[in-house]
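Q: I have a structure to go through with you. Could we take it piece by piece?
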Amino acid sequence: MCSPQEFGMNAGGMRMVTRSRVLGPRARPRGGGEVAVPLRKGEASAGEKSHHPVKRQRKAQSLNVAYEASDGENGEGTEPVKAPSWEPQDWRQQLANIRTMRSGKDAPVDQLGVEHCYDPSAPPKTKVKYIKQTSAILQQRYDGDIPASVAELLTLPGVGPKMAHLAMTVAWGTVSGIAVDTHVHRIANRLKWTKKVTKSPEETRIALEEWLPRDLWSEINGLLVGFGQQTCLPVRPRCQVCLNQALCPAAQGL
């Protein structure tokens, strides 16, 4: 009876062929120099003639194509920007006009800062109390630093969503949301920058973030607060000197 080796087969059904291996000058083949290698498709064993030409396997190549993102598009591998389903009419022109009116940066919001914390005339005094309390907490719990998340910031005395988002932008360089106070809340509703009338600053924030481009979020607070302090006043707004008089829905009803 013939053994599997006499037919060029090993016990596992694999054909045995003798191949020369390229070895280094000091390397020696193990076991007499013969290596069991499974035949590739289309190859003939030693002593057999192939009636079909042997096809060389082509080395697979991957082609990486980089696309430059255009306006409104993202590059490959990033989540595409979704266009808002709704946006206010004329909001870009209204925003440009507010920037023009605020170019002097001479509103009260542009002048006030932490250096006024101990000024007896700095209103309101409740904020000074909160700042003192918060300073003690930051020293005890955060080694003099401030929390790096909105959730932690909101646990500090007197800190609401507006201040938390402002702190994230100023201190950590992270735009976590739009800082909305009474001025931003009022002006957004007067300009119809919300799809429906909102009743609170937090509700306004959510409505604005649904359509306002994210790269404008950090700018809106300071821009609209100063505009609300100088021109779009809570009572008797100065519509006659406002560049948006013809574009503002609220001005048309006055």
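Q: Which backbone atom does the side chain of Gln-252 reach?
A: In this predicted model, the side chain of Gln-252 reaches the backbone oxygen of Gln-245, at a distance of 2.8 Å.

Q: Where does Gln-252 lie, and is Gln-252 buried or exposed?
A: Gln-252 belongs to helix α9. The residue is exposed, because its relative accessible area is 52%, and the cut-off for exposed is over 50%.

Q: Which residues is Gln-252 in contact with, neighbours within four places in sequence aside?
A: With those neighbours set aside, Gln-252 is in contact with Gln-245, Ala-246 and Leu-247.

Q: And how far apart are Gln-252 and Cys-239?
A: In sequence, 13 residues separate Gln-252 and Cys-239. In space, the C-alpha to C-alpha distance is 9.6 Å.

Q: On the topic of cysteines, how many disulfides does the structure hold?
A: The structure holds zero disulfides. Cys-242, for instance, is in no disulfide, and the nearest cysteine sulfur, that of Cys-239, lies 6.6 Å away. For Cys-248, also in no disulfide, the nearest cysteine sulfur is again that of Cys-239, at 6.2 Å.

Q: Why do those distances rule out a disulfide?
A: A disulfide requires a pair of cysteine sulfur atoms within 2.5 Å.

Q: Are Cys-242 and Cys-248 buried or exposed?
A: Cys-242 counts as buried at 14% relative accessibility. Cys-248 is buried as well, with a relative accessible area of 10%.

Q: Let us step back to the whole protein. How many helices and strands are there?
A: The protein has nine helices and zero strands. Buried residues make up 26% of its 254 residues.

Q: What share of the contacts links residues 24 or more positions apart?
A: Among contacts with a separation of 6 or more, residues 24 or more positions apart account for 54%.

Q: Now helix α6. Why is α6 described as largely enclosed?
A: Eight of the nine residues of α6 are buried, so the helix is largely enclosed by the rest of the structure. The buried residues are His-183, Val-184, His-185, Arg-186, Ile-187, Ala-188, Asn-189 and Arg-190.

Q: Which helices do they pack against?
A: The buried residues of α6 pack against α7, α8 and α9.

Q: What is found at the start of α6, and what follows the helix?
A: At the start, a side-chain oxygen of Asp-181 comes within 3.1 Å of the backbone nitrogen of His-183. After α6 comes Lys-192, which has a positive phi, near 60°.

Q: How do the axes of α6 and α8 cross?
A: The axes come within 8 Å and cross at roughly 80°. The two helices are therefore roughly perpendicular to each other.

Q: Which residues make that contact?
A: From α6, the contact involves His-183, Val-184, Arg-186 and Ile-187. From α8, the residues are Ile-220, Asn-221, Leu-224, Val-225, Phe-227, Gly-228 and Gln-229. The residues of this contact divide into six nonpolar, four polar and one charged.

Q: What else is Thr-204 in contact with?
A: Leaving aside neighbours within four places in sequence, the residues in contact with Thr-204 include Val-180, Val-184, Ala-188, Asn-189, Thr-194 and Thr-198.

Q: Where does Val-180 lie, and is Val-180 buried or exposed?
A: Val-180 lies in the loop between α5 and α6. At 6% relative accessibility, Val-180 counts as buried.

Q: What does Val-180 touch?
A: Not counting residues up to four places away in sequence, Val-180 touches Lys-162, His-185, Pro-201, Thr-204, Arg-205, Leu-208 and Asn-221. Val-180 and Val-225 are 45 residues apart in sequence, with a C-alpha to C-alpha distance of 9.1 Å.

Key. Residues numbered from 1 in each chain as written. Predicted model: local features only at pLDDT ≥ 70, side-chain atom pairs only at ≥ 80, totals over all residues. Heavy atoms only, no water. Buried < 20%, exposed > 50% of the residue type's maximum accessible area, 1.4 Å probe, protein only. Axes fitted to C-alpha atoms, helices over the stretch in contact; angles between N-to-C directions. Helix = DSSP H or I, 4+ residues; strand = E, 2+ residues; numbered from the N terminus. Parallel < 35°, antiparallel > 145°, perpendicular 65-115°, else oblique. Contact = heavy atoms within 4.5 Å. Nonpolar A, V, L, I, M, F, W, Y, C, P; charged D, E, K, R; others polar. Polar contact = N/O pair within 3.5 Å; in protein donor to acceptor, adjacent residues only side chain to side chain.
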